[in-house]
Protein chains: 2
Amino acid sequence: MASRNTRILEAAARVIARRGVRGLRVEELAAEAGVSTGLIYYHFKDRTGILRHTLEFINDRAERYTTVRGPDAPPLGPREELEQILLLELQDTAEVRENSAAWGELRASAVFDPALREDLARATLVWVQEVAALLGQVRPMAPAAKLAAAAERLTALMEGLSMRWLSGGLAIDHARTLMAGGIEAELSGLEPR
Amino acid sequence: MASRNTRILEAAARVIARRGVRGLRVEELAAEAGVSTGLIYYHFKDRTGILRHTLEFINDRAERYTTVRGPDAPPLGPREELEQILLLELQDTAEVRENSAAWGELRASAVFDPALREDLARATLVWVQEVAALLGQVRPMAPAAKLAAAAERLTALMEGLSMRWLSGGLAIDHARTLMAGGIEAELSGLEPR
DNA sequence: GTCTATAGGGGGATAGAC
DNA sequence: GTCTATCCCCCTATAGAC
């Protein structure tokens with residue numbers, strides 16, 4: 001693809017990462033994407049439509065960079081894959097920063113904008129289930145309810161650490177260390193005894 | 001106290017909890033407080049002034065409800081106090097909801113507004129140290145670095161769960177259960193072996 | 001201190017040509 | 001599909017009476 005539409009969504013992710021959802025101006029987005037405001041409304045109907053599609057877009061993109069690996073890379077074990085999926089969101093690269101910032105903004109916006117909640121809840125659920133499935137591969141004897149709870153905590157922790165990182169209160173390396181420790185702690189809690 | 005000024009700040013907390021920082025309209029605030037917009041500008045100079053004073057107000061209030069207990073209440077052990085301090089922020093009461101929503105808004109705003117970062121970082125540090133101290137009382141043999149890491153994770157987890165609760169993706173009871181499980185997990189990780 | 005009335009402008013959204 | 005031009009609402013902030 002890389003259709004015109006995608007160019008606008010990429011631009012939206014950049015603008016949101018720079019200004020926040022509240023700071024997003026359709027005019028600025030238009031300039032960033034190199035199109036007119038009219039075209040944006042033609043494609044996305046209104047401001048909320050822009051936001052909703054951007055959320056979907058960053059979600060797909062995150063899925064790509066957390067799951068796709070090189071063609072001849074060695075296959076990962078579940079434990080490694082688990083760490084990958086949670087630690088890849090804590091990297092100081094432009095794309096990850098954009099995704100994390102946009103995700104955090106959308107989460108915060110959803111508190112006051114019911115229109116965003118459904119999409120967000122669905123995306124969160126997919127993510128939690130993915131983590132729970134990986135936890136289940138590492139700890140096959142653990143009951144499903146415990147796996148689900150651990151996955152919910154790990155993903156919520158990830159969001160909390162990400163916000164602290166982005167709001168300048170936590171160095172990225174330290175955030176990664178804390179996240180790794182959290183995985184460790186949850187896995188011990190799931191150990192057979 | 002309970003001056004006219006305080007009435008406006010209480011109203012501001014309610015409006016922010018309902019609409020968010022970005023959704024606060026001075027006219028709506030005026031109606032909520034039962035005064036005119038002119039009076040609000042007379043007291044607080046401008047929109048930013050309203051926000052700054054409201055966030056200060058909310059902070060003082062949170063300190064009150066997480067630390068003050070009844071005069072003849074039995075003293076809490078460190079473990080109970082730890083649970084109190086972390087679970088009190090996950091309650092579906094108007095005041096807690098207001099405070100949590102405002103805190104989340106502040107955290108999210110700080111990502112794009114460096115002016116807010118310093119206050120936020122300081123408040124977070126105080127909170128983390130408080131939790132670390134309580135963890136240290138429950139697990140006196142644990143090294144300081146491990147206590148600090150556990151406290152950072154628990155407070156970050158608390159913020160993450162709070163956001164999910166407020167954005168409608170997580171029932172409050174479930175959030176509390178998850179938080180309690182997180183405390184449990186971190187305490188086992190700090191056990192002497 | 002408190003109100004009413006209003007200026008002033010930013011920005012979302014649309015109309016209509018191409 | 002894409003652009004230009006523009007409407008007009010909403011919301012911040014101020015002026016001035018009481």
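Visitor: A polar contact is a pair of N or O atoms within 3.5 Å; within protein, one must be able to donate a hydrogen and the other to accept it, and residues adjacent in sequence count only if both atoms are side-chain atoms. Which atom of DNA strand C is 2.9 Å from the side chain of Arg25(A)?

Guide: A phosphate oxygen of DNA strand C, which sits 2.9 Å from a side-chain N or O atom of Arg25(A). This is a predicted model, in which local features need pLDDT of at least 70 and side-chain atom pairs count only at pLDDT 80 or more, while totals for chains, interfaces and linings use all residues. Residues are numbered from 1 along each chain as its sequence is written, chains are lettered from A and ligands numbered from 1 in the order in which they are written, and side-chain values use heavy atoms, leaving out hydrogens and water.

Visitor: Switching topic, how many residues of each chain are in contact between A and B?

Guide: There are 38 residues of chain A in contact with 38 of chain B, where contact means heavy atoms within 4.5 Å. The area buried between them is about 3,100 Å², with 64% given by carbon and sulfur atoms; buried area is the accessible area (1.4 Å probe) that two parts lose on being put together, summed over both.

Visitor: Where are the salt bridges, say at Arg164(A)?

Guide: The side chain of Arg164(A) meets that of Glu159(B) at 3.5 Å, N to O, and the count between the chains is 3 salt bridges, each a side-chain nitrogen of Lys or Arg within 4 Å of a carboxyl oxygen of Asp or Glu.

Visitor: How are the two copies related?

Guide: A rotation of 178° with 0.4 Å of shift along its axis superposes chain A on chain B, with an RMSD of 1.2 Å (least squares on C-alpha atoms of residues with pLDDT of at least 70 in both). The copies are thus related as by a two-fold rotation axis. Because 97% of the interface residues of chain A are also interface residues in chain B, the copies meet through the same surface.
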